[in-house]
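Hi,

Here is the structure I promised to pass on. Have a look at it first, and then read on for my notes.

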Amino acid sequence: MQASTVHSAGALLTIDLDAICDNWRLLRAKVGPADCAAVVKADAYGLGAQRVGPALAAAGCRHFFVAHLAEGMALRPLLPAQATVYVLHGAPLGAEAECAAHGLVPVLNSRQQIDAWRGVARGLGQRLPAIVQVDSGMARLGLSAPELAQLTADSSAFDSIDVAYVMSHLACADEPQHPANAAQLASFVAARRLLPAAPATFANSSGIFLGAAYHFELARPGAALYGVAPVPGQPNPMRPVVRLQGKVMQTRTVEAGAAVGYSASWVAPQASRIVTVSVGYADGYLRSLSGRGSAWLGEVELPLVGRVSMDTITVDVSALPEGAIVPGTLLDLLTPQHNVDAVAARAGTIGYEILTSLGSRYERHYLSGRSAAPG
Ligand SMILES: *Cc1c(COP(=O)(O)O)cnc(C)c1O
């Protein structure tokens, strides 16, 4: 990923679509003979669903998951007809007909959503596809055990609905030794017996690495496609996807005792060269990185000093020779070596939040076909 000129924006975000596709191929090979979907909710974890979706479709991906109906409506026209877009939250109450009209497949998470979808199908005089989600122990979305028992007693509950998959979601898949994984698996297998016979989808990124028993017919990775380590603490098999470079706006030398930034939280212990970079918490550069984050020029680590402001950060570049950094120099904030997981650890969060916070003010470059395509 080469440096690039960034003129109008304060920072350059380079997104490697080829790496995303390679990551999808790696996961698909790992779950084979099961199929592998792509979760592209939240604008493909902040990376741009409008670019990521078609790139993955071209690589052969046929199953896409978004969270919201509106996300599905925006994505559907960009994908080939053979691809299916599933809406994890299902249709909002009253918007079921819109969901059907846009050719989107809802995840039905409650009896109420099942009944509403069946009503739309009957009104249209046709069968409609859906995924049915059961709660296997996370207590977030999906049919509860009592709801499931009630449904089973009603032989017409799934009239007019083609159940494409039975689904559930793991709460602790990123902790392979956690007993909740096996407990959820057993609960899911039992719940499937109570539902119309259908293929199953269970594993997210981390779930794929729990073993073949978790793969069923379709895996649903998101984060790992975008380079997040699927098994924390283990070597990361995924290719890195993002590079973020912030532009230096000003350089200055401060005397010992000078305070830098809001609340004067950092005071120079000696004369220091400080640069101001055009990235702040409004760009998703988390304020919790104050005093903990770093920028890099090549392999030289340059510590953030003072608070992260809304639009700027301040960096101590005293480690570099004078003149090595001038206004316009790009400093690395996320790289393949200093990746979302590493920055997340410093910020006290997870790689998912670093990605989904990435700002809208960045100039975005997409790499595909091993070349840079302007965003
Ligand atoms: C977000 C989400 C996924 C993808 O999870 P990752 O951990 O990013 O792989 C899969 N399934 C459901 C239901 C989700 O909400």
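Below is what I found, going from the whole chain down to single residues.

One thing before anything else: this is a predicted model, so please read every value here as computed from predicted coordinates.

**The chain overall**

The chain has 375 residues, and 52% of them are buried. It holds 11 helices and 20 strands. Among contacts with a separation of 6 or more, 65% join residues 24 or more positions apart.

**The ligand**

The ligand is surrounded by 14 residues, and the closest are Lys41, Tyr45, Ser205, Ala223 and Tyr352.

- Ser205: an N or O atom of its side chain is 2.5 Å from an oxygen atom of the ligand.
- Arg220: a polar side-chain atom sits 3.0 Å from a nitrogen atom of the ligand.
- Ala223: here the backbone takes part, with an N or O atom 2.8 Å from an oxygen atom of the ligand.

How much of the ligand does the protein bury? Taken alone, the ligand exposes 390 Å², and the protein buries 93% of that.

**The nonpolar cores**

The largest nonpolar core has 117 residues, and the members that touch the most others are Ile20, Leu47, Leu56, Phe64, Tyr226 and Val315. Helix 1 gives this core its largest share, seven residues. A separate core of six residues lies apart from it, with Val254, Ala268, Ile274 and Val305 among its members. As background, nonpolar side chains tend to be buried together in soluble globular proteins.

Neighbours within four places in sequence aside, Val315 is in contact with Arg273, Ile274, Val275, Val277, Ala295, Leu302, Pro303, Leu304, Val305 and Leu331. Ile274 and Val305, then, are contacts of Val315 and also belong to the six-residue core.

**Helices 1 and 3**

Helix 3 covers residues 49-59, and its buried residues are Ala49, Val52, Gly53, Ala55, Leu56, Ala57 and Ala59. What do they pack against? Their partners are helix 1 (17-31), strand 3 (38-39), helix 2 (41-45), strand 4 (63-66) and helix 4 (69-75). Just past the end of helix 3, Gly60 takes a positive phi of about 115 degrees.

In helix 1, look at Asn23. Asn23 is buried, with a relative accessible area of 1%. Leaving out neighbours within four places in sequence, Asn23 is in contact with Ala224, Leu225, Gly227, Met238, Arg239 and Val241.

**Cysteines**

How many disulfides are there? The count is zero. Cys36 is in no disulfide, and the nearest cysteine sulfur to it, that of Cys61, is 6.7 Å away. The cut-off is 2.5 Å between the two sulfur atoms, so at 6.7 Å the sulfurs of Cys61 and Cys36 are too far apart for a bond. Both residues are hidden from solvent: Cys36 is buried with a relative accessible area of 0%, and Cys61 is buried with 0% as well.

**Backbone spots to check**

If you plan to prepare the model for calculations, here are the backbone details I noted.

- The peptide bond from Gly32 to Pro33 is cis, with omega near 10 degrees. Pro33 sits in the loop between helix 1 and strand 2 (35-36).
- Phe216 is not a glycine, yet has a positive phi of about 50 degrees. Phe216 is in the loop between helix 9 (205-208) and strand 10 (218-219), and it is buried, with a relative accessible area of 19%.
- Ser263, also not a glycine, has a positive phi of about 65 degrees. Its loop runs between strand 12 (259-260) and strand 13 (266-267). Is Ser263 buried or exposed? Ser263 is exposed, with a relative accessible area of 58%.

That's everything from my side.

Cheers

Technical notes: Residues numbered from 1 in each chain as written. Predicted model: local features only at pLDDT ≥ 70, side-chain atom pairs only at ≥ 80, totals over all residues. Heavy atoms only, no water. Buried < 20%, exposed > 50% of the residue type's maximum accessible area, 1.4 Å probe, protein only. Helix = DSSP H or I, 4+ residues; strand = E, 2+ residues; numbered from the N terminus. Contact = heavy atoms within 4.5 Å. Near = heavy atom within 4 Å. Polar contact = N/O pair within 3.5 Å; in protein donor to acceptor, adjacent residues only side chain to side chain. Areas by Shrake-Rupley, 256 points an atom, 1.4 Å probe, with all protein chains shown as cover. Core = buried A, V, L, I, M, F, W, Y, C linked by side-chain atoms within 4.5 Å.
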